[in-house]
Amino acid sequence: MTTLSNDYIERDIQHRQKIDKLWQKYPDLHRVEDALYETLTRLTRTVIANPGSRLQPTELTAQLNQLRQERRTLLQRYQIPDDYNVPAYRCPICKDLEVIETESGWQLCSCVQKKQLEYQFISAKIPAKMREQRLDNFSLTYYSELDMVDERDTQRRKAEKAWQGAEDFVKAVLDKQPVKGLYFFGGAGVGKTHLVSGIANRLMENSTMPLYLMVADLLDELRQGYESSRSETSTSGLMEQAKQAPVLILDDIGAERSTDWSIEKLFQIINHRYLNQLPTVLTSNYDLDELADHMGYGSTGVRICSRIVEMCRLFRLDCEDIRRQKRRESSV
């Protein structure tokens, strides 16, 4: 709630700066507003000092009415709206109070829930573009019902299986049931990232916080931490985050430049999660044989692929690049 309150404090500061700028331009309006405030204050004090009195402060009332008329005249002259000095509410529902009263009592306004979800996206490191990619808008229309991927399944059938695998995974996680992770593989633009985005979004909507990491970015950040003068605290912190996250999503494994150091770091993360049975979702352009070849046979890369086989269900996706298909649709 502190962060939310800070947002509103910042809004009030910006509003005050806007009013001050307006009053510098129109000092006569500033004078009238100050006089109104002073007269209202005196009127309030008079009423408080004489509770229940039938005597009315007629002189102050007359001053107040005169000042109100003068204010209306100035606002019309300068074409300024009557409510110019009332801060615009970010939320018309709660008027920025962050709570609303309902028949069942007080509760957080939906604006707070939306803001909290935004902070969750930031904490989960989920890019803005991925927030609209959901399991319920994963379209099968981009996958051919005729083109075979292997001896058993068409493109469409492979995509259906992958989508169902994602749905089953989320349900098991939310039900706190043991579940195998997922390994989605296939060429660029075949829907892998859409599926893992959908998984992340569904989990967060149900108060389960995943951690999304592009593998190349993760390794770059770790490498910079070790090579720079930065303390190892932040670097080890990121490693611990990746090891301990309730659900870890590693996107595009195999796209990173493979070195003994990078493969070892990946193995430490994946092996820890394997031993502790922590749900892990991975995507790659490579099947596991190709990934092992990319990482180098006879190295720790083989052990990484072995762990993935044991801890994940494997799903292949194949189709013409969906981005290209969408561009073609939009140009028609």
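Helix axes here are lines fitted to C-alpha atoms over the stretch in contact, with angles taken between N-to-C directions. With that in hand, take α5 (residues 155-174) and α6 (residues 192-205): their axes come within 10 Å and cross at roughly 25°. This is a predicted model, and its protein chain comes to twelve helices and seven strands. Of the chain's 332 residues, 40% count as buried.

**The α5/α6 pair**
- Angles under 35 degrees count as roughly parallel, so α5 and α6 are roughly parallel to each other.
- As for handedness, α5 passes α6 in a right-handed crossing.
- On the α5 side, the residues that meet α6 are A162, W163, A166, E167, F169, V170, V173 and L174.
- Their partners on α6 are L195, I199, R202 and L203.

**The α9/α11 pair**
- The axes of α9 (260-275) and α11 (300-311) come within 9 Å, and they cross at roughly 25°.
- These two helices are therefore roughly parallel to each other as well.
- Here the crossing is left-handed, with α9 passing α11.
- α9 brings I263, E264, L266, F267, I270, N271, R273 and Y274 to the contact.
- From α11, the residues they meet are T300, G301, R303, I304, R307, E310 and M311.

**The sheet**
- Five strands make up an open sheet in the order β4-β5-β6-β3-β7, and the pairing is parallel.
- β4 and β7 (312-316) are the edge strands, each pairing on one side only.
- On average, neighbouring strands in this sheet are turned by 15° against each other, direction ignored.
- β4 pairs with β5 (residues 247-251) in the parallel sense over five bridges, and L211 stands opposite L248 in β5.
- Although β4 is an edge strand, four of its five residues (210-214) are buried, so β4 is largely enclosed by the rest of the structure.
- Helix α9 lies across β5 and β6 (280-284), and α9 runs at about 145° to β5.

**Nonpolar cores**
- The largest nonpolar core has 30 residues, and the ones with the most contacts inside it are Y183, L250, I253, L282, L291, I304 and I308.
- Strands giving two or more residues to this core include β3 (181-185), β4 and β5.
- Helices that do likewise include α7 (215-227), α8 (232-244), α9, α10 (288-295) and α11.
- The biggest giver is α9, with five residues.
- Apart from this core lies another, of 29 residues, among them F138, A159, F184 and I322.

**A look at L291**
- L291 is one of the residues with the most contacts inside the largest core.
- Leaving aside neighbours within four places in sequence, L291 is in contact with Y183, I253, G254, S284, Y286, C305 and I308.
- Y183, I253 and I308 from that set are also on the list of residues with the most contacts in the core.

**Across the chain**
- Take the contacts in the protein chain between residues at least 6 apart in sequence: 73% of them join residues at least 24 apart.

Definitions and conventions: Residues numbered from 1 in each chain as written. Predicted model: local features only at pLDDT ≥ 70, side-chain atom pairs only at ≥ 80, totals over all residues. Heavy atoms only, no water. Buried < 20%, exposed > 50% of the residue type's maximum accessible area, 1.4 Å probe, protein only. Pairing = 2+ DSSP bridges. Core = buried A, V, L, I, M, F, W, Y, C linked by side-chain atoms within 4.5 Å. Contact = heavy atoms within 4.5 Å. Axes fitted to C-alpha atoms, helices over the stretch in contact; angles between N-to-C directions. Parallel < 35°, antiparallel > 145°, perpendicular 65-115°, else oblique. Left-handed = near helix turned anticlockwise from the far one by under 90°.
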